[in-house]
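Hi,

Here is the structure I said I would pass on. Have a look at it first, then read my notes below.

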Amino acid sequence: MTDESIGGMLRIALILTVIMLLSAIALAVTHIYTKPFIDQTKEQKLKEGLSMVVTQADDFKDLGGGYYEALLDGKVIGKISTVYADGYNDKIKMLIGISDGKILGVHILEHLETPGLGARSTEVRPDEDEPWFLRQFKGLDSVALKKDGGNIDAITAATITSRAITDAVAEELRK
Amino acid sequence: MQSQNELQRLVCSSSPHVRSGITIKKIMFAVVFSLLPAAGYGVYLFGMHALLLILSSIGMAVLTEFGLQKIFRMKVTASDGSAIITGLLLAMIIPPSAPLYVPIIGSFFAIAIVKLAFGGLGSNIFNPALAARAFLVASFPVAMTIWARPHVDGITGATPLGMLSESGMSAVLDHFKTKIAMYSAMFFGNTSGSLGETSALLLLVGGLFLIAIRVISWRIPAMFIGSVYLCSFLFGKDPLMAVLSGGVFLGAFFMATDYVSSPTTTIGQIIFGLGCGMLTVLIRELASYPEGVMFAILLMNCAVPLIDRFTKPKTLGQK
Amino acid sequence: MKTGKIIWDGLAKQNPTFRMALGLCPTLAVTTALTNGLVMGIAVTFVLACSNVLVSLLRKIIPDKVRIPAFIVIIATFVTIADMLLEGFVPDIHKTLGIFIPLIVVNCIILGRAESFASKNPVFSSLVDGIFMGLGFTLSLSLISVIREVLGTGKLIFFGNLLFSFDFSVLGFVLAPGAFLTLGLLLSLFNYIDLKRGTRQ
C-alpha cells in the first residue's frame with residue numbers, strides 16, 4: 001500500500017488522529033490533576049493581597065468584577081477594588097482599599113516594572129513587613145507626589161512608576 | 001598561496017598620491033586640547049571630585065586598551081591618544097557627583113566591549129564614550145541621575161532639561177528668575193548638568209578651533225544644532241534654550257563628528273547631522289528621558305553604513 | 001552509538017547553547033536569575049527526554065510525510081503538561097517564566113533532536129540523548145544566569161534561599177542588554193578556548 005493510494009492516505013490520517021487523541025487524553029488527565037492546586041494558589045494570592053490592604057478585616061466578600069468588601073465580625077469596614085495603573089513597562093495590577101474617603105491600604109498584585117527602579121515599589125525594607133512606598137498611602141484622603149506639590153515621596157529615579165501608582169490611587173479616591 | 005595573499009594586500013591606488021603630515025596622534029591630541037577648556041571649567045564648577053573623575057576615566061581607558069592588547073597579543077595602540085579622548089569624553093558626560101567606580105566601569109566597557117571587541121580603532125560601530133554612558137545609565141540609574149549644583153558641595157539640583165520635563169517651563173523660569181539670566185547661565189555654563197557639558201561657550205570655542213584647523217567639518221555640528229533649533233521651535237518649545245541646554249554642543253562638535261562612527265560623504269554628513277538633531281528633539285519631547293542627545297547619536301551610528309551606501313559618490317562613467 | 005559519546009555530545013561537544021546556538025530566545029529572556037534559568041532548563045530537559053522517547057518508540061509507525069506534525073503534537077503535549085505542573089507546584093517561578101514555557105514548543109533544540117536523533121535511533125539512546133542535551137542546555141542557562149544575577153543584583157538566590165550578597169551591582173546585567181553581552185562574551189570565550197586547543201593539536 002503506497003502513501004498515495006486511498007488506503008495509504010486513510011492510514012496516515014488514522015495514525016495522526018490516534019496521536020492527537022492520546023495527546024488530548026494526556027492533557028485532560030494532567031489538567032484534572034493540577035487544577036485544584038492552581039486554583040488554590042490563585043485564591044491564596046488574592047486572599048493574601050486582600051488582607052495586606054485591610055489588615056484589620058477577618059473576612060472578605062467577593063462582589064464580582066474585581067470588587068470586594070472587607071468584613072470584621074460580619075460588619076463592612078471597607079471596600080476594595082482592583083485597579084490598573086499605567087506603569088513604565090505594562091499595566092500595574094493593584095488592590096486599593098477605601099473606607100469613608102480614606103485609604104486603608106494599597107497592594108500590588110502584578111507588575112512588570114524595571115528591577116532596581118520601578119520594581120522598588122514592592123520593596124520591603126529590612127525589619128518591616130510591608131513596602132515602604134505603598135505604606136505612605138495609608139490613612140490619607142488625597143494623594144499626589146511631592147514633586148507635584150503633594151504628600152508622597154517618589155521612588156528615586158522611578159518617577160513614572162511612582163506617579164502611575166499615585167495617580168491611580170488619587171483617581172480611585174475621587175470615585 | 002602565501003605570495004598571492006601578500007600581493008593582494010599591496011593594492012596601489014591611482015595617482016596622485018598625497019601625503020600629509022597629519023597623523024592619528026596629531027588629530028587626537030588636537031581634540032583633547034580643544035576639550036580642555038570645557039573640562040577645566042567643569043572642574044572649576046564642581047570641584048576636585050570632578051578632576052578625580054576625569055583622571056580615573058582616562059587612566060582606566062588607557063590601561064584597559066594597553067592591558068587587553070597585551071593579553072590578546074594585538075598591536076598596542078594605547079599611545080595613539082584615542083583612548084585618552086574616549087576617557088575624557090566619558091568623564092565629561094557623567095554627573096559630576098558620580099562615585100569613582102562609575103567612570104572606571106564605564107571606561108572599561110567603552111574600550112573593551114564597544115571598541116576592541118568590534119576590532120579596535122576604525123572598526124567600532126558606536127561612539128565608545130556614548131555607548132558606555134548608555135550602559136552606565138542602565139546600570140546605575142540613581143548615580144547617573146543625581147546632579148550636583150555648581151559651586152555648592154553636597155547639594156543636588158535638577159538640570160534645566162530635567163526641570164522642564166518634570167515641572168514645565170514656568171519652573172525653569174522661576175529658578176533662573178529672568179529669561180536673559182537663563183540664557184546666560186546656560187551659555188556660560190553655570191547650571192547643573194554633566195561634568196563637561198554645561199558651558200556652551202567653551203564647547204563652541206573648542207569646536208570652532210577643530211573646524212578651523214580642519215580636524216572636523218562644519219557640516220555635522222551645524223546640521224545637528226540647526227535641526228535641534230528648528231524641531232524644538234516646531235514643538236512649540238524655546239528653541240534657544242533647547243540648543244544651549246543638555247549635551248547638544250558637546251554631542252554635535254565632539255561625538256557626532258567621530259570619524260569612525262559617522263558618514264564619510266558630504267551629503268551623508270548632512271543627513272547624519274539632521275537625523276541626530278531630529279531624534280534628539282523627538283526623544284526629549286515624546287520619550288521618558290529628559291535628554292535625547294546620547295540615544296540620538298547612538299541610533300544614527302547604527303544608520304551610518306546605510307547612509308554611506310546610499311550616498312556613495314558615483315565613479316566617472318558609472319550609471 | 002556509544003552512550004558515553006551521546007552524553008559528551010549533549011553536555012559539551014554539541015552543547016545546544018554554546019556550540020549549536022539553538023534555543024537562544026529563552027536563553028536571553030529567562031536568565032535573569034539562577035532559579036529561573038534552572039527551572040527553564042529542567043522543563044526543557046523533561047520535554048526533550050519525554051518527546052525523544054515517544055518519537056523513538058513511534059519512529060516506525062509515523063509515516064514519513066506527516067512526521068513533523070506528529071512530532072509537534074507530541075512535543076506540544078509535553079510542553080503543556082510541563083506548563084500545568086509548573087503552574088500548580090511552583091506558581092511564582094511559573095509567573096516569571098511566563099510566555100517562555102509555552103514557547104518551548106518552538107524551541108529548535110527539541111524538534112531538532114526529534115528529527116535528527118530520536119527518529120533514527122533506538123529508545124534507550126534517544127532517552128540518553130534527550131536527558132543530556134537537556135542537561136547541556138540547563139548547564140548553559142545556569143552559567144549565564146549566575147553571571148547575570150550576581151553582577152546585576154549583587155546577590156545569588158537559590159529557590160528562595162539567599163546564598164550570598166554584597167553591596168554592589170551593575171544593574172545593566174539583569175536588563176536585556178546584559179543578556180546579549182553575557183551570551184556574546186561567553187560564546188567568544190568558548191570559541192577562544194576551542195581555537196587555542198585546536199592550534200595545539
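Let's start with a term: contact means heavy atoms within 4.5 Å. By that rule, the contact between chains A and C takes 25 residues from chain A and 22 residues from chain C. This is a predicted model, where local features need pLDDT of at least 70, side-chain atom pairs count only at pLDDT 80 or more, and totals for chains, interfaces and linings use all residues. Residues are numbered from 1 along each chain as its sequence is written, chains are lettered from A in the order in which they are written, and side-chain values use heavy atoms, with hydrogens and water left out.

Back to chains A and C. About 2,000 Å² is buried between them, and carbon and sulfur atoms give 77% of that (buried area is the accessible area, with a 1.4 Å probe, that two parts lose on being put together, summed over both). The rule finds one salt bridge across this interface (a side-chain nitrogen of Lys or Arg within 4 Å of a carboxyl oxygen of Asp or Glu). The partners are A:Lys45 and C:Asp92, with their closest N and O atoms 2.6 Å apart.

On the chain A side, α1 (6–53) and β5 (102–110) each supply at least two residues that touch chain C; helices (H or I, at least four residues) and strands (E, at least two) are DSSP runs, numbered from the N terminus. The largest share, 18 residues, comes from α1(A).

Over in chain B, all eight of the eight residues of helix α13 (248–255) are buried, so this helix is largely enclosed by the rest of the structure. Buried here means under 20% relative accessible area (1.4 Å probe, protein chains only). Among them are B:Phe249, B:Gly251 and B:Met255.

Cheers

Technical notes: Buried < 20%, exposed > 50% of the residue type's maximum accessible area, 1.4 Å probe, protein only.
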